[in-house]
Amino acid sequence: MNRPKGTKDIYGQDQIVKKHIEEIVKTIALLNNFEEIETPIFESSNVFKKSVGETSDIVSKEMYLFNDKKGREMVLRPEGTAGAIRAIVENKLFSKQLPLKLFYYGPMFRYERPQKGRQRQFTQFGIEMISNKSPYIDAEVILFASSILESLNIKNKLIINSLGDSVTRKNYSKALKKYFSKYKSELSDDSVKRIEKNPLRILDDKIDGKKSFVINAPKISEFYSKETNEYFLKLSSFLKKMGINFEIDHKLVRGLDYYADTSFEFVSTSGKAGSQSTLIGGGRYDNLISQFGGPELSGIGFAIGIERIMNELDYNEIIDSNKKVVEIFVINLSDASLETSLGIVHMLRRAGYIVEWNGKTVKLQKGFATSDKFGSKINIIIGEKEIKNGNVVIKDKVEQKLVKINEIIDYIDAKLGE
Ligand code: HAM
């Protein structure tokens, strides 16, 4: 039996690197004063239909849908924002003090065509910040995202756009409807349906989005309201002041319906990514909380694809600094001392040391050989004679000493410098 297509078993070096990234993103989140939230891995399908949008690729083509035993339509979450907002509204988390700053980390599922950097099960670290709406808050969130890539030393480029206020999007949508109506015969059936429902989603359709007439479609910037222009200008000039390099791309519409005003992506420029080079995607949303039955509050967030980050990193360096080595090896020389040996292994593990043993009675040379394989610094040797006298032999590279059983921890603490 094999694992499902588009999934990975993560073990060994991959596991060490993945854990390292998790630690870094969570530490930076805590420094930014975000709190962790966990939401279910499956949700009612409406959670995503309502928010990510029925005409998006994610909802219309990529959801892992199933009916539970009562016939309710469920979905393995394809992203983290909708579940987080559902939880915020359901638990009235907004009623405490704002800003509300939450982060999440876990698996997401999309039925996409697997390729380098694109899996059907992948891991996201994401944040959502519910607060006052301002270009400076947008900048704060972008700086947070940027600091993650900086601390991981990943070469990247920031791309920003504004999807405008509701007036902008209404006028843009009207113009796109008119434009795409001329190309009906060249669009897929799905996209033809989108002309009336949500023409913006044609722009990021995985197939139609690459066609030249779609690439050359009118740009949203041509329809910016005065307010949108001012907001976007403030954001971009502040980012410049902060020394953040970025490009403006008015074609960056992102594949999810909930965005309004600022949207952004950080793309890898290391040359290590394939065609799936977007490391971080995010943006502001205005109506999401009210759509879930909450008050009119605006929010902004982003998510990082952890596997795409793994692909960017130099494994050797991380593994060297995160490698766990066996510190103490216990060599048991007689069946009579087996129980004492295992008792000592357990005692040392409880004291916080990484300890191994053969799990049986062995000859001294065999014990040393296994200990060497583990790279252990200290050997504890226990045989019949030792337990009779209540001692063990502790041997390291420098010396060999008889130590009373109840003094082992003190001796090891002194040796390994606690
Ligand atoms: P997204 O752009 O759909 O945004 O995904 C964010 C990141 O998840 C991508 O930039 C990529 O690194 C990773 N990712 C997405 N799909 C895959 C895949 N099939 N395989 C591997 N990695 C993938 C969101 O999900 C939004 N919820 C982000 C957000 C939070 N916006 C506001 N708040």
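## An open sheet

In what order do the five strands of the open sheet stand? The model, which is a predicted one, shows the order β13-β12-β14-β15-β16, and the pairing is mixed. The edge positions belong to β13 (355–357) and β16 (400–404); each has a single partner strand, so one side of each is left without a neighbour in the sheet. On average, neighbouring strands of this sheet are turned by 25 degrees against each other, direction ignored.

Within the sheet, β14 (residues 378–382) and β15 (residues 391–395) run antiparallel and are joined by three bridges. Ile-380 has Ile-394 of β15 standing opposite.

## Helices across the sheet

Helix α14, made up of residues 338–350, lies across β12 (328–332), β13, β14 and β15. The direction of α14 is at about 160 degrees to that of β13. Helix α15, with residues 364–374, also lies across β12, β13, β14 and β15. For α15, the angle of about 160 degrees is given relative to β12.

## Helix α10 and its two sides

Helix α10 consists of 16 residues, 226–241. From the first C-alpha to the last, α10 reaches 23 Å, which is close to the 22 Å expected at 1.5 Å a residue. Which residues of α10 are buried? They are Thr-228, Tyr-231, Phe-232, Leu-235, Ser-236 and Leu-239. These residues lie on the same side of α10, because they cover an arc of only 125 degrees around the axis.

The other side of α10 carries the exposed residues Lys-226, Glu-227, Leu-233, Lys-240 and Lys-241. The packing partners of the buried residues are α5 (135–151), β7 (156–162), α6 (166–181), β8 (246–248), β9 (259–268) and β10 (278–285). After α10 comes Gly-243, which has a positive phi near 75 degrees.

## Aromatic residues

How many aromatic pairs does a search of the whole structure find? The search finds 16. One of these pairs involves Tyr-224 and Phe-232: the ring centres are 6.3 Å apart and the planes stand at 70 degrees, so the pair is edge-to-face. An angle over 60 degrees is what that class requires. Tyr-224 is buried, at a relative accessible area of 12%, and Phe-232, at 6% relative accessibility, counts as buried as well.

Tyr-258 and Tyr-259 also form a pair, with ring centres 4.8 Å apart and planes at 65 degrees, so this pair is likewise edge-to-face. Tyr-258 has a relative accessible area of 7% and is therefore buried. Tyr-259 counts as buried too, with 6% relative accessibility. Elsewhere in the account of aromatic residues, Phe-34, Phe-144, Phe-264, Phe-266 and Phe-302 make up one aromatic cluster.

Along the sequence, 177 residues separate Lys-19 from Glu-196. In space, the C-alpha atoms of Lys-19 and Glu-196 are 45 Å apart.

Technical notes:
Residues are numbered from 1 along each chain as its sequence is written. This is a predicted model: local features need pLDDT of at least 70, side-chain atom pairs count only at pLDDT 80 or more; totals for chains, interfaces and linings use all residues. Side-chain values use heavy atoms; hydrogens and water are left out. Helices (H or I, at least four residues) and strands (E, at least two) are DSSP runs, numbered from the N terminus. The expected span of a helix is 1.5 Å times one less than its number of residues. Buried means under 20% relative accessible area, exposed over 50%, partly exposed in between (1.4 Å probe, protein chains only). The arc is that of the directions from the helix axis to the C-beta atoms. Contact means heavy atoms within 4.5 Å. Two strands pair if DSSP finds at least two bridges between them. Axes are lines fitted to C-alpha atoms, for helices over the stretch in contact, and angles run from 0 to 180 degrees between N-to-C directions. Rings of Phe, Tyr and Trp (its six-membered ring) pair if their centres lie within 6.5 Å; planes under 30 degrees apart count as stacked, over 60 as edge-to-face and the rest as tilted.
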